[in-house]
Amino acid sequence: MAISGKTKSITPILDGKIGIVKSFDTLTAGDGAKKDELPGKGELATRTTCNVFEFLQKNGVPLAYIGRDGPDTFITRICNMIPVEVVVRKIATGSYLKRNPEVQEGLVFKKPVIEFFLKTSGRKFEDTELPCDDPMLRWDRKGSVCHLYFPDRPHEQGHICQLLYPLQEHSSLKRDLMTCERIARHVGYLLGKAWEKLGGALYDFKLEFGKLSDPKSEKQIVLADVLDCDSWRVIWEGVQLSKQKYRDGDKLEDVLAVYRVAAALTDKFPSMSV
Ligand code: C5P
């Protein structure tokens, strides 16, 4: 049976080891507060994700992705998802500016900034009630205790609580996220270079990771989910090639045009050398 989210579903096959990911034509923003149907978007988003994943696969990034299927579907390994969104920032924009108001928009980071956000829904993480969704995760200076912060406030005004995890799981979360960070930096390098070759600038993007459940894989951490216009901010020839256009309230036909251009440009990714 398919498990459906806001913009895609996954249907397990072959004893649940493999899944078919289907992208919908639905577009959402503001955690579902804004929602529209954009006929053709599911196919374009799938094409973009497949292009990006095949490029990353060729360059040694461990992936859940297996291969293309239909126009709006691809095949993936099913894994246990790590409940954290990993954001890579090369150029300062978006929510980073809310947490760091002293930073000028457009600042190019010497080394990409990596941030972690806990994935929550309805202001809940498992049984714990939270004052906001998707709080930021940060370890203390010693790196031993993890704290949650409001994602839209400077840290000194935004502390929520210590992440209440059993110690054992807590330390494995940190180890897992260090692995995610290493992979995310590699993806940032590759994707940045690829967009640069096409005349684009990658500002930031979000990744999600999972652990393979097959016993032979020894719970290897792999890049999972999707990676398309909904996940990044890219400026190409002065045009925002991402969902940001939708978040900013642009016309739906212009938003769809962005998905078309991104799919056509990323068609070049799988054969590109960086
Ligand atoms: O909003 P913020 O600046 O934190 O977003 C950073 C990057 O992560 C952007 O490229 C955005 O598209 C992506 N993102 C995402 N899904 C979210 C939050 C952010 O793909 N839930």
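Visitor: Two strands pair if DSSP finds at least two bridges between them. Over how many bridges do strand E2 and strand E3 pair?

Guide: In this predicted model, strand E2 covers residues 8–13 and strand E3 covers residues 18–23. The two form a hairpin with four residues between them, and Leu-14 in the turn has a positive phi of about 50 degrees. Pro-12 stands opposite Gly-19 in E3. The sense of the pairing is antiparallel, and the number of bridges is six.

Visitor: Which residue of E7 is the bridge partner of Lys-22?

Guide: Strand E7 spans residues 73–77 and runs antiparallel to E3, with five bridges joining the two. Within E7, the partner of Lys-22 is Thr-73.

Visitor: Which residue makes a side-chain polar contact of 3.0 Å with Asp-225?

Guide: Asp-225 is placed in the loop between strand E16 (221–224) and strand E17 (232–236). Beyond its neighbours within four places in sequence, its contacts include Phe-53, Phe-74, Met-81 and Glu-208. The side chain that joins Asp-225 in the polar contact of 3.0 Å belongs to Lys-8.

Visitor: Are helix H1 and helix H5 roughly parallel or roughly antiparallel?

Guide: The axes of H1 (residues 41–58) and H5 (residues 252–266) come within 9 Å, and they cross at roughly 30 degrees. The contact involves residues including Leu-44 and Val-52 of H1 and Leu-256 and Tyr-259 of H5; by class, seven residues are nonpolar, three polar and three charged. The crossing is left-handed. Angles under 35 degrees count as roughly parallel, and H1 and H5 are therefore roughly parallel.

Key: Residues numbered from 1 in each chain as written. Predicted model: local features only at pLDDT ≥ 70, side-chain atom pairs only at ≥ 80, totals over all residues. Heavy atoms only, no water. Polar contact = N/O pair within 3.5 Å; in protein donor to acceptor, adjacent residues only side chain to side chain. Contact = heavy atoms within 4.5 Å. Axes fitted to C-alpha atoms, helices over the stretch in contact; angles between N-to-C directions. Parallel < 35°, antiparallel > 145°, perpendicular 65-115°, else oblique. Left-handed = near helix turned anticlockwise from the far one by under 90°. Nonpolar A, V, L, I, M, F, W, Y, C, P; charged D, E, K, R; others polar.
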